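Here is a briefing on selected local features.

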Amino acid sequence: MKNYKIINGTILTYGGEAMMTEEKTLYIKEGKITFEPFAQGEEYEVIDAGRKLIMPGLINMHTHAYMTMMRNYADDVPFQEWLFQRVMPVEDNLPVEAAYWTSMLGILEMIRTGTTCFTDMHMYHRQVTQAAREAGIRAYIGRGLVGEDLYQDGYSRFKQALEEKEEFQSDTLQFILSPHAIYTCSEKLLKQVDEAAGEHRMLKQIHLSESMTELNDCLNNHGKTPVQYLNDIGFLDEKTILAHCVQMQGDDLDIIRNTGATIVTNVASNAKLGNGIAPLSQMKEMGINVCVGTDGAASNNTLNMFREMGLLSLMHKAHTRDCLAIPSDYIVKAATYNGSVALHNPDIGVIREGAVADLIFLNLDAPSLFPNNNILSALCYSANGSEVESVMINGKFVMRDRQLLTIDQERVYYEVGKIVEKNL
Ligand SMILES: [Zn+2]
């Protein structure tokens, strides 16, 4: 494995209390970050990172990479129609092999825009995993689970999820359990998932309180909110990742905080599907671990985390009529460090001695970043992802000077083009 000495760069990371920048030489040794110079005789490449910002790669905590083929396909339709009449029929008919290429397209976009780790919820056996492995991106892959009984209706999916874990688990690939939502999974299945997660030591991820329909149906069917419902069946704990959490009522946020679960906020998807704006300022005030996710390209319509970070701050400032509501340092930390908390992996999302080298290099002379009056502001309010020049994951470059090293972009476009022609 190649070692690197990176000089003259500006480093941005979470320093334990705040985001901070400093000029420091970084050493990448055996895929890990160190500040200790190499010993005599050790081989390494010197990288001059003058006028580059080096920061932890962004962690996209909720997406569906394979859905990238549906970018701009089902827009301006209500959530229920979007999901049940537009998205699900395509998913049901999509040949399994196609999901490899459509996932690769999503991964390609993520790498180009500075994401080094993503949490996925998918419907296809192995394809996302294979794409992630070949691209060299870090991923927490969740097999989407639906139905009545994990060991009957959903049996093959669950079995496949465990097989996939067995076959592919590695330094960069981890596996989680992803029941889709409370309205597509029975109470029995959710309890079984919770037990299975404990038994197999896996994290759980679910869409929760996304739409008003979900909230109202849950109130009608169970006499409680989706958060109360999940809590009452014992599903919520510090290993639970909750996507959306838009329709928060009463003591919902107290419950989430008390269980230690993480919320992934998906501001663009929630806005685009007309689901509203999550109460992010309250989540922030209450000290809930909040991460950032793009959701899939069918509902966003991009997997670009910089766009998500900008929207997140601006939408909440507008919504709360408070320009201090969500500051840029909070957003950058949410998009990096908080992901490591949610994923129980302290070695990602931060630049420190011994952390894995998941790094992105941004051009500080890019028109959108120059002059560099305030780097944290720049990352939220003026960056658009095109400033990302190089991406290193687990100590290996997957993009260098805008050249993708692990993905053949032309081939991916060709294959996805063919899939779209046949399936949309
Ligand atoms: Zn989703």
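Predicted model: local features only at pLDDT ≥ 70, side-chain atom pairs only at ≥ 80, totals over all residues.

Asn 301 sits in the loop between β15 (290–292) and α11 (305–320). Residues are numbered from 1 along each chain as its sequence is written. Helices (H or I, at least four residues) and strands (E, at least two) are DSSP runs, numbered from the N terminus.

**Another cis peptide bond**

- The bond from Phe 370 to Pro 371 is cis, and its omega is near -5°.
- Pro 371 belongs to the loop between β16 (359–363) and α14 (375–382).

- Asn 8 is not a glycine, yet its phi is positive, at about 65°.
- The loop between β1 (4–7) and β2 (10–14) holds Asn 8.
- Asn 8 counts as partly exposed because it has 13 C-beta neighbours inside 10 Å. The scale runs as follows: buried means 20 or more other C-beta atoms within 10 Å of the residue's own, exposed means 12 or fewer, and partly exposed lies in between, with C-beta atoms placed from the backbone.
- Ser 209 is not a glycine either, and has a positive phi of about 50°.
- Ser 209 is placed in the loop between β12 (204–208) and α6 (212–222).
- Ser 209 has 28 C-beta neighbours inside 10 Å, so it counts as buried.

**Around Met 248**

- Met 248 lies in the loop between β13 (240–244) and α8 (252–259).
- Is Met 248 buried or exposed? It counts as buried, because 22 C-beta neighbours fall inside 10 Å.
- Leaving out residues up to four places away in sequence, Met 248 touches Ser 209, Leu 253 and Pro 279. Contact here means that the C-beta atoms of two residues, placed from the backbone, lie within 7 Å.
- Met 248 and Ala 278 are 30 residues apart along the chain, and their C-alpha atoms are separated by 7.5 Å.

**Helices α2 and α3**

- Helix α2 (residues 98–112) packs on helix α3 (residues 127–135) at an angle of about 40°, with the axes 8 Å apart. That makes α2 oblique to α3.
- Axes are lines fitted to C-alpha atoms, for helices over the stretch in contact, and angles run from 0 to 180 degrees between N-to-C directions.
- Angles under 35 degrees count as roughly parallel, over 145 as roughly antiparallel, 65 to 115 as roughly perpendicular, and the rest as oblique.
- From α2, Ala 99, Tyr 100, Ser 103, Met 104, Ile 107 and Ile 111 meet Gln 127, Val 128, Gln 130, Ala 131, Ala 132 and Ala 135 of α3.
- This contact of α2 with α3 has nine nonpolar, three polar and no charged residues. Nonpolar covers Ala, Val, Leu, Ile, Met, Phe, Trp, Tyr, Cys and Pro; charged covers Asp, Glu, Lys and Arg; the others, Gly among them, are polar.

**Helices α11 and α12**

- α11 and helix α12 (residues 328–335) pack at about 140°, with their axes 10 Å apart.
- α11 and α12 are therefore oblique to each other.
- Met 305, Met 309, Leu 312 and Ser 313 of α11 make the contact with Ser 328, Ile 331 and Ala 335 of α12.
- The contact of α11 with α12 divides into five nonpolar, two polar and no charged residues.
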